There are 2 protein chains.
Amino acid sequence: MNTKVTPKILSGFMELLPAEQLAFNKMRDTIRDVYESFGFVPVDTPVLELSHILLAKAGGDTEKQIYRFQKGDNDMCLRFDLTVPLARFVAQHQNDLTFPFRRYHIAKAYRGERPQKGRFREFYQADVDIIGSEKLSVAYDAEIIGIIDTALSKLGLSNFKIHINNRKLLHGFYEFLGLQEQSPDILRIVDKMDKIGAENVTACLKDLALNDTQIQSILDFAAITGTAEAVLQALKNTQIENEAFQTGLNELETVVTAIQALGVPETHFMVDLKITRGLDYYTGTVFETLVDGQSWGSVCSGGRYENLAGHYTDRKLPGVGMSIGLTRLFDVLRDAGFIHIGAKTTADILLLPMGDDALTHTLKTAATLRAAGIKTETAAADGKFKNKMMYANKIGVPFVGVIGSDEAAANTVAVKDMDTGTQETIPVSQVVDYVSDKLNTKPQTPIITMNQ
Amino acid sequence: MNTKVTPKILSGFMELLPAEQLAFNKMRDTIRDVYESFGFVPVDTPVLELSHILLAKAGGDTEKQIYRFQKGDNDMCLRFDLTVPLARFVAQHQNDLTFPFRRYHIAKAYRGERPQKGRFREFYQADVDIIGSEKLSVAYDAEIIGIIDTALSKLGLSNFKIHINNRKLLHGFYEFLGLQEQSPDILRIVDKMDKIGAENVTACLKDLALNDTQIQSILDFAAITGTAEAVLQALKNTQIENEAFQTGLNELETVVTAIQALGVPETHFMVDLKITRGLDYYTGTVFETLVDGQSWGSVCSGGRYENLAGHYTDRKLPGVGMSIGLTRLFDVLRDAGFIHIGAKTTADILLLPMGDDALTHTLKTAATLRAAGIKTETAAADGKFKNKMMYANKIGVPFVGVIGSDEAAANTVAVKDMDTGTQETIPVSQVVDYVSDKLNTKPQTPIITMNQ
């Protein structure tokens, strides 16, 4: 009758169908539960912020990517990360917050990047940060690394390794070599070691006018590897007399001892003197997380910063935090076939009334099951048994409870286990226990299963 | 040193501090759990949609309020509700969905309304809808009403009443009076009965050129009250011979029977022949939810519609759904003092290491507690015991576990119940059971507590 508009979404945006959405939400909830298990509190700032506040610091590439517009008298932006809103939030509400302030924020951010595989214009970030007032113990750096280990392990991600370094250690070392001025440039170059190789790093360092001895020292330093203990011992053995270096080394040692106490296994972390993180932002501990055998880059990164909100307040707010790029992580895992895509329903059981006289009994039974914590869908639709079972198969519900006039009269349900095909007629009073027991004994599939 | 930008948010946006945010999230999670207990699946569409698609139907006031802008070649909008995105989603993915499609969506929407008390420009909606392909049994209308009752009851909201009516019944009645053409206008006027009173309704109906007999019939009809059974009986007694009226009456009776089977108590619903819902959208069952003694208006409304996505597809997609305006509901409840604002932490216990030699033992103990499901924060900060206890008091954590060098040596924790002030020294191996037992026996405060 009328002209139809072809439904579609903006390019570069992720939209999931129910089974995938359920898997995504399970990932998100798992991360949230881990954050809360460490006592973090949620923050939920507006997606829109005033431009002059959000962009107080930003510039260059970031600013170009921003969704910015006017409405009425307001010049506003969609947030491009969750860190700037955190800085604004903490500065704004500092007198109402208790420090150290431990916040998590799992929400969408927006960047109008050129669409390309694996890059999304709307993406979930799952951030945790601990913000101190004036000072913050380095033990909190270890806690953040402990959260990464717990979160990724709970997700079922295996073969990941958290690479840990310390910026003070690096700056001190470069200062010791007489290269304090070139230090930021050297950091950026060394960070590319694993990508471009030692030869290209050498060439880049030569461009900075470093001499061969300095370059060799830098390469030797970056090449120190082994267990965390071995690397720490090697660093002590260098006997570099520089204050920043010694502070960095002490911090690194404190962090390693603390994450071991938190139970982070040796297989899940290493001291890696090559990683530096790109941002100028970080001032101490830095870390990124790589998955063996995958070219995904870091799936979870972060570090220590000296001052969160210098643009908004004079109060010094040091912090440490990390971020999981959830949308991107889900995307690479899904592409690799590592995500378990399960049912298209949240229901544990689907009740099928057969015939009108069974509907009342079905609805009553459904209410009983729900009150006992069993997620229950009812197929109230008129229709043939075959069609209803086809629907049950399509949504992948684990149990079906058939209720015909016989069952309604006898106050029973014919419960069918959709995995095994077995069917038993159970009195309504026993359905709760029967389904609960069966659900508890069904094997739990982790969200992520990686080929070892 | 540098000029500070004063941190603030856009006016008309809600931002909560931790204790309130935790209460809000608890409300949101409770609603989500109820939706999932009925077997609904989550959908999470992009916040940004292409303007020509999102606005295929919109117009007038809605369009003026929309956040709309250009970026690159794209003309886009922030969604103003979750229903149009649902229509777009179902039309776009219809071949990949299983019908009836049962989706919930709890997310933010945006309207640039003139800021005023209780109106927010960014607001959470918590929607559920069931969408059929070509047809959808009226029993699903009852299910949606059952969800409202379950959700609001779980939140702790008392004294609410779901007012139920049927549009076909009303149209049939007006048709019977020979007023089919004026029917939409009459609906709008009658809907205001409780607000403007019978006298003003009479005046408005006179403006439509209705005669006195017609007006009296309409007023008499709207005045039919009593128990659901009594109203249904009164409607039958009218013996109005009109097809739409009889269909509507049958639907209303089916809905009432089904919600009774679902366990919705008589105190929580009524057939109310005065409510019609404003939108032309609805075609059958309509409902809204009022809270006794409160001038909040409807806190949860919805109904049956004939065709969800006529602008996007030829496929007929009838549905029934409802929406809770979560941000607004939270706001009125908070203003009324009905929201329980609790701790500023998610942690069950805060471990306080006293002295450097206690840190390792504290972190190990924390890991043990977390693995057993106890949310555990560690106060790793250096500092005096007094300051750490002050922090514990401020965040309102229920238990504190003090670990000094004695406790570390003896592998114990001195656990203090912050409510009662009692303290006991417990071996680490027993802390999990000790804290779990105590947590389980602490009285649970509902999120919402209303003065009766």
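Predicted model: local features only at pLDDT ≥ 70, side-chain atom pairs only at ≥ 80, totals over all residues.
1. A quick definition before we start: two residues are in contact when they have heavy atoms within 4.5 Å of each other. What covers the buried residues of H16(B)? The cover includes strand E12 (349-353), helix H13 (359-371), strand E14 (399-403), strand E15 (412-417) and strand E16 (423-427) of chain B.

2. Now for the residues under that cover. In H16(B), the buried ones are B:Val428, B:Val431, B:Val432, B:Tyr434, B:Val435 and B:Lys438. A lysine is on that list, in the shape of B:Lys438. H16(B) has 14 residues (428-441), so at 1.5 Å a residue the span should be 20 Å, and the 21 Å between the end C-alpha atoms agrees with that.

3. With 20 residues, H1(A) reaches 28 Å from first C-alpha to last, close to the expected 28 Å. Is H1(A) enclosed or left in the open? Buried residues number 17 of its 20, so H1(A) is largely enclosed by the rest of the structure. Just after this helix comes A:Gly39, which takes a positive phi of about 80 degrees.

4. Let's step back and look at chain A as a whole. Chain A holds 16 helices and 16 strands. Along the principal axes, its C-alpha atoms fill a box of roughly 90 × 55 × 45 Å. Of the 452 residues in chain A, 58% are buried. Take the contacts in chain A with a separation of 6 or more: 69% of them are between residues 24 or more positions apart.

5. Three strands form an open sheet in the order E2-E4-E3, with antiparallel pairing. Which strands stand at the edges? They are E2 (48-50) and E3 (68-71) of chain A; each has a single partner strand, so one side of each is left without a neighbour in the sheet. On average, and ignoring direction, neighbouring strands of this sheet are turned by 40 degrees against each other.

6. Zoom in on one pairing in that sheet. E2(A) and strand E4 (residues 74-78) of chain A run antiparallel and are joined by three bridges. If you want one bridge to find on screen, look for A:Leu50, whose bridge partner in E4(A) is A:Met76.

7. How are the two chains related? Turn chain B by 180 degrees, with a shift of 0.0 Å along the axis, and chain B can be laid on chain A with an RMSD of 0.0 Å. The two copies are thus related as by a two-fold rotation axis. Both copies use the same surface, since 100% of the contact residues of chain B recur in chain A. Within chain B, the residue that comes closest to the rotation axis is B:Phe69, with its C-alpha at 3.2 Å.

8. On to the cysteines. How many disulfides are there over all chains? A search of the whole structure finds zero. B:Cys77, for one, is in no disulfide: the nearest cysteine sulfur belongs to A:Cys77 and is 17 Å away. A pair of cysteine sulfur atoms has to be within 2.5 Å to count. B:Cys77 is buried, with a relative accessible area of 0%. B:Cys300 counts as buried too, at 1% relative accessibility.

9. Most peptide bonds are trans, and most residues other than glycine have a negative phi. The bond from A:Phe99 to A:Pro100 is cis, with omega near -5 degrees. A:Pro100 lies in the loop between helix H4 (83-92) and strand E5 (101-110) of chain A. In chain B, a cis peptide bond joins B:Phe99 and B:Pro100, with omega about -5 degrees.

10. Two residues of chain A have a positive phi without being glycines. One is A:Glu134, at about 70 degrees, in the loop between strand E6 (122-131) and helix H5 (139-155) of chain A. The other is A:Gln239, at about 50 degrees, in the loop between helix H10 (228-237) and helix H11 (243-261) of chain A. A:Glu134 counts as partly exposed at 46% relative accessibility, while A:Gln239 counts as exposed at 63%.

Note on methods. Residues numbered from 1 in each chain as written. Chains lettered and ligands numbered in written order. Heavy atoms only, no water. Helix = DSSP H or I, 4+ residues; strand = E, 2+ residues; numbered from the N terminus. Expected span 1.5 Å × (residues − 1). Buried < 20%, exposed > 50% of the residue type's maximum accessible area, 1.4 Å probe, protein only. Pairing = 2+ DSSP bridges. Axes fitted to C-alpha atoms, helices over the stretch in contact; angles between N-to-C directions. Least-squares fit on C-alpha atoms with pLDDT ≥ 70 in both.
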